[in-house]
Structure formats: structure tokens, C-alpha cells
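Q: I am new to this model and would like to learn how to read its features. Please take me through them in turn.

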Amino acid sequence: MKQEISFIPREELKAKPDTASLGFGKYFSDYMFEMDYHNDLGWHNPRITPYEPLTLDPSAMVFHYGQAIFEGMKAYKTPDGSVQLFRPEKNMKRFNESCDRLCIPQIDEEFLLEGIKQLITTEKEWVPDGEGTSLYIRPFIFSTEAYLGVRPANQYKLLVILSPSGAYYGSQLSPVKIYVEEQYVRAVIGGVGHVKTAGNYAASLKAQKKADAGGYAQILWLDAKENKYVEEVGSMNIFFKINGEVVTPKLNGSILPGVTRDSVIELLKYWNIPVREERISIEEVFAAHKRGELEEVFGAGTAAVISPVGELTWKDQSITINDNQIGQLSQDIYNELTGIQLGKKEDPFNWTVKVTSVEG
Ligand SMILES: *Cc1c(COP(=O)(O)O)cnc(C)c1O
């Protein structure tokens, strides 16, 4: 059922922040997309409405039982001034997978994407155009029904907010220090680690604090059962280049299936570089380093696109990867993906989707 998206104007527009001061997740645009769900009405009242605080009942079920999911994607300004998205249909599909796992009613993927496009068109002035900048798009759903019994809620709200974000890196990709967590786990098979639900991030904070205190940028998570197999890093998937071949942990039900991960795999296949998705233990990674075969390690996710790992610490062993320099393959993948995203390179995969055409 297609519905009209209504528009509620705001009285005054905000002042736009300086591109240099953007950072990540600090500024929000003038409008948001909003839609409500009620068991009797389905998803209804889609609207583009002023970005403003919400009023929720203290017994809104999300506060108590945590039915909250989200997505993360970006809109990019291309050299000709048009705005485009990168594989947004994959985010819509994953959003519905998160809905399914958390017993949240399914959304119409095409309709939501249309709503996001309309929102971005309304907010096209908010898409920054400095080097490395983008408009971060955060769709999310949470339960709103006022009730204290444990069961799936009968009422939800879906919002899409927009945040202009600055360049993740300065002039160059910079390798990060990562530490292998052994005390805490991120996700278990059969649990919710394969979907983007808020609780996963709450559960990761304690280990992240430990990492911060030790001077590490991120955590490398191991599997919850044997504390042996590599899963992923913070909010990125992980890749290892060992003796000319690329390996990334196979999706197993506790790893988040990243859109960037999938794009890296597709790109490597296109380049005829051997790439395998398989279970890999942390021992194997350290053994490959000992043999002198661990050539590159990098994370892949929407925020940083590619994040080279320069140092890896597991128990009391620390290894330096590629002399703490950016690997050639990491750099090539980064250049190719960001080139496609920004409309500066050919897109042989048809990954980009135009939101607005050339301005003027
Ligand atoms: C979002 C996310 C990723 C990366 O997914 P992308 O679609 O590439 O941004 C990886 N791991 C976790 C835990 C995530 O939340």
C-alpha cells in the first residue's frame, strides 16, 4: 500500500555548521522522516517533519525491553553537484532482517527508500561537499507502546535523521591499534549479533572502555563459545591479507553482515584477487605473522570505509603489521570504494543510486 508522504514545515531553519568542525554525529539537519505503527493501522502517517525532541510515555516498552534497531548509510555529493547513495537497498533489506529478529513489524523497503530520498531532497543543502565528507543517514525503529508486560509491542515509531559528517581521516588513511578481547564477548550464535539492535552496542561498551584505557582504537572480538575464532571489530568487519590471499570470517550468525564487507569481497573478485570467507582463529593470524606472511589487516564499515590495522595485541603479545604503514591493497580498495561512492570513478557494479540530479 503506497501512501502519501506529508510535509510539515518548520518556522526557522538552523544555521549550517562549518565543514571543518563537522566531526561525526554532532549536528542534525532541519527535518526528519517519521512514520508510526499500530497493530490496527499498520505503518501509517509517513511525514517529513521538523527535527525536534519526542514525547514518550515513561512506560514506553523500548525503555524496558529494548526493541530498538537501526541502520547506517551515507549520501555523497558528486563532482557535478548531484547527490547519491551507495547500495541503499542492502540497508533496507538488513533493516527488515533486524525487524524480524526483534519481532518488529516489517517495513515496505521500497517505500522507506523513497521516503529517505524525499528527505534528502528536502535537505540537499545539508549534504556537505568538502573532501571526505558525507551526509550520514540514520534510520531507526523503537517500540512506543505504554505497557510493562514482556511481549512484542503493538506500537512503534520509525525515524530517519540526517547528520552531516566530516572526513574520517585527514589527508591519509592512518593505521590503528587494536586489541583482542578475551574477557567479554559481543554476540553469540542464536542471539542478535547479526542484526543492528541497540543492545549490542550497550553490551560492547565495557570492553571498549578497557580498550580506550589501554590506548587502543578498537576491539577485535572473538567467538563467544571457544574464545578462539575472529569475529569482527567494533562496528567494522575484518580482513586479513595472508601470503597474497585475503581472508575474512565467514558469516556465522553472530557476525554483522556489513554492506562494506560485501562490497570489498565483490571488488576483490572483480580484481581477481583470491578472497575466502572462512573461520579463522586468532592463533592462525599470529602464526601467519610469525611466518612473515601476514601482509595486511583492515577493518571495513560505512563510517571509515577501510581502516588499516597497524598493531594487534592478543594476551601479552603485540604484533606490528606492515611496519604500521597502510598496505597497498587497503589503499587500493579505499580509493576504489570512495571513488565509486563519490561519483569520481566508474561504477561497474551499479552500486550507486541517484537521489537528486545535477543542481541548477
Ligand atoms: C554496522 C556494523 C558493521 C559494518 O556494516 P556496514 O554495513 O559496512 O556499515 C560491522 N559490524 C557491526 C557490529 C556493525 O554494527
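Q: Is Leu-148 buried or exposed, and why does it count as such?

A: This is a predicted model, in which local features need pLDDT of at least 70, side-chain atom pairs count only at pLDDT 80 or more, and totals for chains, interfaces and linings use all residues. Residues are numbered from 1 along each chain as its sequence is written, and side-chain values use heavy atoms, with hydrogens and water left out. Buried means under 20% relative accessible area, exposed means over 50%, and partly exposed lies in between (1.4 Å probe, protein chains only). Leu-148 counts as exposed because its relative accessibility is 54%.

Q: Where in the chain does Leu-148 lie?

A: Helices (H or I, at least four residues) and strands (E, at least two) are DSSP runs, numbered from the N terminus. Leu-148 is in the loop that runs between strand E7 (134-143) and strand E8 (155-165).

Q: Which aromatic residues form one cluster?

A: Rings of Phe, Tyr and Trp (its six-membered ring) pair if their centres lie within 6.5 Å; planes under 30 degrees apart are stacked, over 60 edge-to-face, and the rest tilted. One cluster consists of Phe-86, Tyr-270, Phe-349 and Trp-351. The whole structure has 13 aromatic pairs.

Q: Which ring does the charged end of Lys-177 sit over?

A: A charge sits over a ring if NZ of Lys or CZ of Arg is within 6 Å of the ring centre and within 35 degrees of the ring normal. For Lys-177 the ring is that of Tyr-216, with the charged end 5.1 Å from its centre. Arg-279 lies over the face of Tyr-229, 3.9 Å from the ring centre.
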